[in-house]
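Open the model in your viewer and keep the selection tool at hand. Each stop below says what to select and what is there.

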Amino acid sequence: MLYFLSILLLFFQTGAKITVENQWIRSAGKGMNTAFFADVKNMSSNADTLYKVTSPLAKLVQVHETFEENGMMGMREAGNLEIKPGETLKLKPRSFHVMLIGLKKELKRDQIGEVTLYFKHAGAVKVKARVKNKIE
Amino acid sequence: MRHFFFLLISLLFVSCQSKFPEKEFVGNRSEVLVNQDSIAINFPKHYSGKILLVSFIFTNCPDICPLTTHNLQLIQQKVKENKIENVAFAAISFDPERDTPSLLKQYADIRNLDLSNYNLFTGKRENIKSLMEAFHIVAIAGDTTFTDDKEPVYFFTHTDRITLVDQEQNIRKSYRGSEINLEEIITDIKNLGD
């Protein structure tokens, strides 16, 4: 029975695989806001949904979308983001990104920060990201 | 022969005009601004005789303003590489209540900005409002939310722009701030310098 359950668990784990690549955080001062960027790929055969992000770096963490309206740029909180099988969610400048609001410490170039992305099927995916000054 | 010269001068005039379709004098505004070192200047009068690239930002902006700041940095580096002199860079905060000189300094330090000819400015709300009107910049604060420790969080929807000002303090061209064509801007700066 235990063997059967292990196989079943393994099946569900491999069926809900998310990979996170090219992750980075933009440098910013203590108390300021910044953003986390990454390529989030759904390697499973089922759609998955990013519904929450946490990080010890900031007081508040939200997924935002940059938008353009009447020649002006703004941001709004994005809802849950579905990633279809085999597709990649690009968290990138001028698009969807993870907002790190109210940094608890200064984030300078080459420091490493931790961010956890939560998916409906894959669960929590913890990643470490390098701090950069710009797109490098 | 006289007709030929007339044609040549006309062509030259049309060619210069098409390079810079805009020409709007902003030198009639002179607002006191304070830079990252708490030094007060009259803007834009302080830059009379220089080619100036201006952006309007707020330091709590996580996406667009850092890109604009970085793009001004790229232009600054390219200007230096090309040995073009008499060019200055200014980023003016439209969130002056939060963006104090020391915060602007921190913002510059973290990004390794070369402040030799690049200044970040704050000032009184009414002075900045006057300059925003002159440069056709709009910034609208969104709803305020709060962190767990009751700190207010708000962002702006704002114009995304870098503005090129000539030596006589005329706006000559505007570019998107967060996405630039570096070669186009360098060519424009060279043309103004000629």
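**Stop 1: a strand pair across chains**

Select strand β5 (residues 72–77) of chain A and β10(B): they pair in the antiparallel sense over two bridges. Pairing here requires that DSSP finds at least two bridges between the strands. Strands are DSSP runs of E, at least two residues, and helices are runs of H or I, at least four, numbered from the N terminus. Now pick M72(A); opposite M72(A) stands T159(B) in β10(B).

This is a predicted model: local features need pLDDT of at least 70, side-chain atom pairs count only at pLDDT 80 or more, and totals for chains, interfaces and linings use all residues. Residues are numbered from 1 along each chain as its sequence is written, while chains are lettered from A and ligands numbered from 1 in written order.

**Stop 2: the side of chain B that touches chain A**

Select the interface: 25 residues of chain B are in contact (C-beta atoms, placed from the backbone, within 7 Å) with 25 residues of chain A. On chain B, α2 (64–81), α3 (101–110) and β10 (156–159) each supply at least two residues of that side. The largest share, four residues, comes from α2(B).

**Stop 3: N133(A)**

Go to the segment after β10 (123–132) of chain A; N133(A) lies there. Is N133(A) buried or partly exposed? Partly exposed, because 18 other C-beta atoms lie within 10 Å; buried takes 20 or more, exposed 12 or fewer, and partly exposed is in between. Not counting residues up to four places away in sequence, N133(A) touches S27(A), R109(A), R111(B) and N112(B).

How values were computed. Contact = placed C-beta atoms within 7 Å.
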